[in-house]
Amino acid sequence: MSKKTLEQQTPAAGQAPAAGNPAEGGAPEAGGAPDGQIDPNAAPAPDGGASGEQDDNKNSTTVNPVVAILETAAEQLRQVSGDTTPSPAADAGIVEECIERLREYGYCNVAKSDGDPDPTKTEPQVVPVMGICDAVTIVVCGTVDTIPLLTKAWKDKASGAHVIPLENADTPFHEAMARILAEDIIPDTFILVPANCFPTRNMNIADLLAFRLRLRDNGSKEHTTGLPVLIEATAALKAIELLETSEFTEEEFLEQYNGIARAGELPDEMSMSFGNIVAYVKAPNPCRSKVIEAMVRKKFICTSAEGFSAIKDLLAEMYE
């Protein structure tokens, strides 16, 4: 539909409507609009809301161009939808022309399309149903050497979350845990990322909340996975209270904690030898080709201090 056509049916504010204009309630001429265009002769909505004159005995009013545009477009969409063979292209064309006219009057901020929409080539839209927001706090642990890159990595891959770096080099786990629980800036519910755990892909909330166990080659299972853990302060304090020692290890704490916070849940079992969850780089001289493969196939890379030194350049390239 041309700009001139719509201008004919939607006079500017303050201008008297032309005779025969459908917005005045005049009789439309015979014929119809091609698909994708608003018929300039289409009748307005039955309520006559866009009418410039209501009755011979009533005061005349000024045509509201926006109302005229919307009512004309609505009428045309009703006509198109009533066809025996509905045309998506016609619907899209009518809407586009309506938006264009509203934009000219300053009532629409919809960006102008680059071309006519093609209903057969619609682009899929990604809906972040499990996205991360700033209400999610991630406490990232690491050494003085790894903390800068860890902080950059988690801010990049868990975009939107509140990332709190925590240097805990050579600090026993029970002391580090007591420090975290006592820290005022850390909320009662948070994600704890053990030392030197690097994400390789964009994280969603499911990646951070998963309950996992590490399956060893001998068949034993460990609660210490090196991966993110959801910590709730009340359950954590209860677990510490039930432990027989104040100098508990990470494995002892997590086993007790998961028994309280994750009671009745079935954990995901993962290992370095199968699945796509994690690769552990502990040796001071790891095979770099396998590390590169793991960066492509695994969600997390967990390192020791020695392992980090050996692959620091590879990790740095991933977050550039």
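Predicted model: local features only at pLDDT ≥ 70, side-chain atom pairs only at ≥ 80, totals over all residues.
Reader: Why is the pair formed by Phe173 and Phe253 called tilted?

Author: The ring centres of Phe173 and Phe253 lie 5.7 Å apart, and rings count as a pair if their centres are within 6.5 Å. Their planes meet at 50°, whereas under 30 degrees would count as stacked and over 60 as edge-to-face, so the pair is called tilted. By the same rule for pairs, the count comes to six aromatic pairs.

Reader: What makes this a pair that links distant parts of the chain?

Author: Phe173 belongs to helix α5 and Phe253 to helix α8, which covers residues 250-261, and the two are 80 residues apart. Both Phe173 and Phe253 are buried, and together with Phe248 and Tyr257 they form one aromatic cluster.

Reader: How do you know that Arg214 lies over the face of Tyr280?

Author: Arg214 is placed at 3.8 Å from the ring centre of Tyr280, and a charge over a ring must be within 6 Å of that centre and within 35 degrees of the ring normal. Arg214 is accordingly listed as lying over the face of Tyr280.

Reader: Which residues line the largest pocket, and what kinds of residue are they?

Author: The largest pocket has a volume of about 520 Å³, and among its 25 lining residues the closest to the centre are Asn168, Pro194, Ala195, Asn196 and Glu250. The lining divides into twelve nonpolar, nine polar and four charged residues. Helix α5 gives the largest share, three residues, while α5, β3 (189-193) and β10 (300-303) each supply at least two.

Key
Residues numbered from 1 in each chain as written. Heavy atoms only, no water. 1 Å grid on protein atoms, 1.4 Å probe; cavity = no way out; pocket = protein on both sides within 12 Å on 5 of 7 lines; lining within 4 Å. Points joined across faces, edges and corners; volume = space filled by probe spheres on them. Helix = DSSP H or I, 4+ residues; strand = E, 2+ residues; numbered from the N terminus. Nonpolar A, V, L, I, M, F, W, Y, C, P; charged D, E, K, R; others polar. Buried < 20%, exposed > 50% of the residue type's maximum accessible area, 1.4 Å probe, protein only.
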